[in-house]
Amino acid sequence: MNREPPLSRRRLLTAGAGALAAGAVPGLAAAGCAAPSFTAEGKTPLRYWHLFGGGDGANMTAMVDAFDAEHPDIDMQATQLDWGPPYYTKLGMAGAGGRAPDVGVLHLTRLAGFGPGKLLDPFDPGRLEAHGITPDRFPPEIWRRGQVDGEQYAIPLDTHPIVLYYHTEICEEAGLLTDDGGLKPIRGVRAFVEALRTAKEVTGAPPLVAETLGTDTVTPWRLFNTFYSQTGGTVLSEDGTRITIDDAKAMEVLEFMAMLTDEGLMVRRADYPGSVGIFGAGETAFSLNGEWEVTTYTTNKLPFSMTRVPALFGRPTVYADSHSFVLPHQGTRSGAANEAGYAFVAWMLEHSVDWAKGGHVPAYLPTLEDPAYLELRPQSAYRSVIDDVVLDPAVWFAGSASLLQIELGAVFSSVFTGSRSPQGALREAKSRLRKLLDTPDPIGGAV
């Protein structure tokens, strides 16, 4: 996956959880069963499922091929499935049937809704340590989010945050660049608005673009989550049972979001492909989007760079998610294939500088100091964000392509488009959150 999330892949998983128990979707009961493997004689089969397409898919394929070439005793069987519901449904049902691949990919924010202990098997800490995978080599909070009831169910490969893209030629003409070509520091709402107004004098058009509408729009939630987290506010209690939104802080953020489009500082109506196209055509000075579009703009030879989202409301935090490796549940997990899975995960972490080419910030801390990674520009320029990322709440209905992102994305979309006031959006957001909290986890209990 090179765009997280391209509009066409962000369909709502109506069951809400990261996967469905076997039989939950008529006609799909067999779809999640792992395909029979045809293993080369004398080799250990290693079945790996992932959801990466586009530029990310090309990078993943190259890495898998390199691992395969370096491990002649392993028969690597990698399968790419469609991003979002198709992938998570099949992976979940494979785990429910105990016939899952040896290793899979999961968004870390989907872990709480993916039935740890039911649809996923925990990693063995001794085997992890034997392969050099220890907690001190990862950001503490991201590593912790991979745990459930004291067991490690997810090993983070990266974090992929929202970033601020900037068109270097427009920003240079506006006097917004430093002598070395970077964006001058911006801190606080006033400084950000001043920068936008200065850029607008150059373009004569709204200087900022982001996804504000469309089917299954989620960027408005991610932007709200970014700015609201900067105020120090929380959405849910730590145990995920109560709404804890601070009305005053939320209103400050929502009024800022409304002001951006009301004053013509941000494109009011743009779906995801449209927002990428507008910035890619050089029509705006800035874009707020995930770092995963770096491949698109580099391929198109756009004069651009990227930096962290400015700290507008105090703290320098920003929304992000994390691609992680998991062990989908198998009836019996042991033997050579299991050992090969641990070796594969360790190898991918150790070679994650190649993965970082797609814009993602490696979660494996040694990679952040690798000279080869530091030479990647602009990818390494925002690496410090690894310490300030904010993931969705650890509840079953949150995470990438989740009910929370779809439901609240639609609410906050209406603030940008002007069809709902900030006050009305806050009321509606709380109402939808309450309904989600009152809805039982569809994977709760035994599978």
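How many aromatic pairs does the count come to? I started with this question and got 25 aromatic pairs. The rule I used pairs rings of Phe, Tyr and Trp (its six-membered ring) if their centres lie within 6.5 Å; planes under 30 degrees apart count as stacked, over 60 as edge-to-face and the rest as tilted.

Entry on the source. I am working from a predicted model, in which local features need pLDDT of at least 70 and side-chain atom pairs count only at pLDDT 80 or more, while totals for chains, interfaces and linings use all residues. Residues are numbered from 1 along each chain as its sequence is written, and side-chain values use heavy atoms, with hydrogens and water left out.

Entry on one aromatic pair. A pair of aromatic rings is described by the distance of the centres and the angle of the planes. I looked up F325 and F344: their ring centres are 6.0 Å apart and their planes stand at 70°, so the pair is edge-to-face. F325 is in strand β13 (residues 323–328) and F344 in helix α11 (residues 335–350), 19 residues apart, so I noted a link between distant parts of the chain.

Are F325 and F344 buried or exposed? F325 is buried, with a relative accessible area of 1%, and F344 is buried at 0%. Here buried means under 20% relative accessible area, exposed over 50%, and partly exposed in between (1.4 Å probe, protein chains only). Both residues belong to one aromatic cluster, formed by Y48, F67, F325, F344 and W347.

I also looked for a charge over a ring, which requires NZ of Lys or CZ of Arg within 6 Å of the ring centre and within 35 degrees of the ring normal. The charged end of R110 sits over the ring of Y88, 4.7 Å from its centre.

Entry on the whole protein. I found 16 helices and 15 strands. The C-alpha trace spans about 65 × 50 × 35 Å along its principal axes. The radius of gyration is 22 Å, which agrees with the value near 22 Å for a compact globule of 447 residues. That radius is taken over C-alpha atoms, and the globule rule is 2.2 Å times the number of residues to the power 0.38.

Buried residues make up 59% of the 447 residues. The accessible surface comes to about 16,800 Å², of which 49% belongs to carbon and sulfur atoms; areas come from the Shrake-Rupley method with a 1.4 Å probe, and for residues only the protein chains shown count as cover. Of the contacts (heavy atoms within 4.5 Å) with a separation of 6 or more, 78% are between residues 24 or more positions apart.

Which strands pair with β3? Strands count as paired if DSSP finds at least two bridges between them. Strand β1 (residues 44–50) runs parallel to β3, joined by 2 bridges, and W49 stands opposite G104. Strand β13, which holds F325, pairs with β3 in the antiparallel sense over 4 bridges. There H107 stands opposite H323.

Entry on strand β11. I found 4 of the 5 residues of β11 (residues 304–308) buried, so the strand is largely enclosed by the rest of the structure. Strand β8 (residues 158–167) runs antiparallel to β11, with 5 bridges, and L164 stands opposite T307.

Entry on A96. This residue lies in helix α2 (residues 85–96) and is partly exposed at 26% relative accessibility.

Entry on the backbone. Most residues other than glycine have a negative phi, and most peptide bonds are trans. I noted a cis peptide bond between R377 and P378, with omega about 10°; P378 is in the loop between α14 (371–374) and β15 (389–390).

Where are D216 and A401 found? D216, with a positive phi of about 55°, is in the loop between β9 (208–209) and α7 (219–230), and is buried at 17%. A401, with phi near 60°, is in the loop between β15 and α15 (403–417), and is buried at 3%.
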